[in-house]
Amino acid sequence: MTCSPVCRQQAQAAVRRHILSALSESLGEGLLARRTCALLSGRGGVLSDQPKLHWAMLALASCASASGGDWQPAVPLAASAECLARAMDVIDDLEEDDAALWPGFPNREALLNAAIALLTFSFVCLKDDRSGFAKTADHLPLALLRAGAGQQTEVEAGQELDLRGAVGVARQKSGGFTAAICSAGARLGGADDRLARLYYVYGFHVGMMCQLIDDVVDFPEDLARGRSSVPVAYYRERARLHASVTGSGTGPSGKMADETWREAARSYAWLLALVHRRRALRALRWIERHRPAAAYLSGCLSLDKRPA
């Protein structure tokens, strides 16, 4: 996901400065501050040498689009979004027994405590004189709660999560969070309620598109590890139905059917991603009637992870 023409290097520097300043003021230089920095410095985090900055750039691009070019008011939001997303990633890893991905922590409890601290710190990032805190305070907490609701559903259902439930989880987690980031960024850029709603719709479909593309790419690993993504849920439902009707097992016909449903699952998720991309483009055209949206946000719709 890339957004332009916000300068990535300038944005990265501004977001890093904001996070480091907020860390220094709130946590000082103690152990928890170092652990928080470690979470933000590893695996493409905002403080790493090669940060991905998906959420930050989306927040800044939305603000720049709504304001006509000024992304600076959204720097606190961008910092907060990166911290929120990283904390949720760590909690996901803990729930999937992937704590080993964070080797700098002595145990799971230490990693969980740092992730909770990072969640709290993400809202500290918002409390800045230039952030327009009131314009964003109603968005991120609700988005985080919805993401938590989706996560709760996913964790409790496990491999029994059906297709409808898997799509619902994606809507709550990826779609809702991305929508909140875009809407809040637009508000910081001066968008009124009606225009901010268009940014919300755009962000929702971008988030769904990106999640579904990730699901297609990660399908073999997710299926092997028992995760419950949209294509995995599709595959499980169709494979079980086919087996119950035909009675096919592990013989040649059963293996052929299994491969057919695997390919169908990938195709289903990919086509659903294209549907959300089309809807995001439609929302972008509506925004373009009021603001220069395409120049800033069309890059987020690239299909750079298209599976072979």
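From the N terminus on, the chain runs α-α-α-α-α-α-α-α-α-α-α-α-α, with 13 helices and zero strands, where helices (H or I, at least four residues) and strands (E, at least two) are DSSP runs numbered from the N terminus. The model is predicted, and local features need pLDDT of at least 70, side-chain atom pairs count only at pLDDT 80 or more, while totals for chains, interfaces and linings use all residues. Residues are numbered from 1 along each chain as its sequence is written, and side-chain values use heavy atoms, with hydrogens and water left out.

Of the 308 residues of the chain, 48% count as buried, a term that stands for under 20% relative accessible area, as against exposed for over 50% and partly exposed in between (1.4 Å probe, protein chains only). Where contacts (heavy atoms within 4.5 Å) join residues at least 6 apart in sequence, 74% of them link residues at least 24 apart.

Helix 4, residues 75-95, holds 21 residues and spans 31 Å from its first C-alpha to its last, close to the 30 Å expected at 1.5 Å a residue, where the expected span is 1.5 Å times one less than the number of residues. Because 16 of its 21 residues are buried, helix 4 is largely enclosed by the rest of the structure.

Two helix pairs are set out below, with axes taken as lines fitted to C-alpha atoms over the stretch in contact and angles running from 0 to 180 degrees between N-to-C directions.

| Helix pair | Axis distance | Angle |
|---|---|---|
| Helix 4 and helix 7 (residues 140-157) | within 12 Å | roughly 15° |
| Helix 3 (residues 54-67) and helix 8 | 7 Å | about 40° |

The axes of helix 4 and helix 7 cross at roughly 15°, and therefore helix 4 is roughly parallel to helix 7, a description used for angles under 35 degrees. Their crossing is right-handed, meaning that the near helix is turned clockwise from the far one by less than a right angle. On the side of helix 4, L77, S80, L84, M88, D92 and E95 meet L140, L144, A147, Q151 and V155 of helix 7.

Helix 3 and helix 8 pack at about 40°, and helix 3 likewise passes helix 8 in a right-handed crossing. Here W55, L58, A59, S62, C63 and A66 of helix 3 make the contact with F177, T178, I181, C182, G185, A186 and L188 of helix 8. T178, which is found in helix 8 (residues 163-188), has 0% relative accessibility and so counts as buried. Leaving aside residues up to four places away in sequence, T178 touches W55, L58, G203, V206 and G207.

Two loop residues have a positive phi. L53 has a phi of about 60° although it is not a glycine, and this residue lies in the loop between helix 2 (31-41) and helix 3; at 2% relative accessibility, L53 counts as buried. D97, also a residue other than glycine, has a positive phi near 60° and is found in the loop between helix 4 and helix 5 (108-124). At 61% relative accessibility, D97 counts as exposed.

Note on methods: Parallel < 35°, antiparallel > 145°, perpendicular 65-115°, else oblique.
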